[in-house]
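Hi everyone, thanks for making time today. Let me put the model up, and then we can walk through it together.

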Amino acid sequence: MSLALSAVLRGETVVLGWLLLLGAAFLWFKAWLYAWSTELAVTSKRVIAKLGFIRCSTVELRHSKVESLHVDQSLLGRFSISAAWW
C-alpha cells in the first residue's frame, strides 16, 4: 500500500469515527431528553404519564388496569417538592 493511500484511509477513518461519535451523542441526547421530559404521577385512583417535550401526550390508567408498579427514587427525589402537593 502506498503512503498516499494510507494517509487517505487514515483520514477516512477519522471522519468515520467523528460521524459515529456524533451519531451516538445525538442518540444519547434524544434518550436523555425523553427521560427528562417524562412526568409520572400516581394518585389514589389512577396512574398518569405525561410524555414529550415539544409534542406532549398524556396517558391515564385506572388502578384496575395496572398490573404492577415499581418506583425507584434517589434520596433527593424523595424530598423534592412536587406541584401535586400544592
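Let me begin with a question: does W36 count as buried or exposed? W36 counts as exposed, because its relative accessibility is 54%, and the cut-offs are under 20% relative accessible area for buried, over 50% for exposed and partly exposed in between, with a 1.4 Å probe and protein chains only.

A word on the source: this is a predicted model, where local features need pLDDT of at least 70, side-chain atom pairs count only at pLDDT 80 or more, and totals for chains, interfaces and linings use all residues. Residues are numbered from 1 along each chain as its sequence is written, and side-chain values use heavy atoms, leaving out hydrogens and water.

Now to the rings. The whole structure has two aromatic pairs (ring centres of Phe, Tyr and Trp, the last by its six-membered ring, within 6.5 Å; planes under 30 degrees apart are stacked, over 60 edge-to-face, the rest tilted). W32 and W36 form a stacked pair, at 5.8 Å centre to centre and 15 degrees between the planes. The two sit about one helical turn apart, because they are four residues apart in helix α1 (residues 3–36). Helices here are DSSP runs of H or I, at least four residues, and strands are runs of E, at least two, numbered from the N terminus. W32, at 40% relative accessibility, is partly exposed. Ring pairs also bring in F29, giving a cluster of F29, W32 and W36.

Finally, I54 lies in the loop between β2 (46–51) and β3, and I54 is exposed, with a relative accessible area of 79%. Thanks, everyone!
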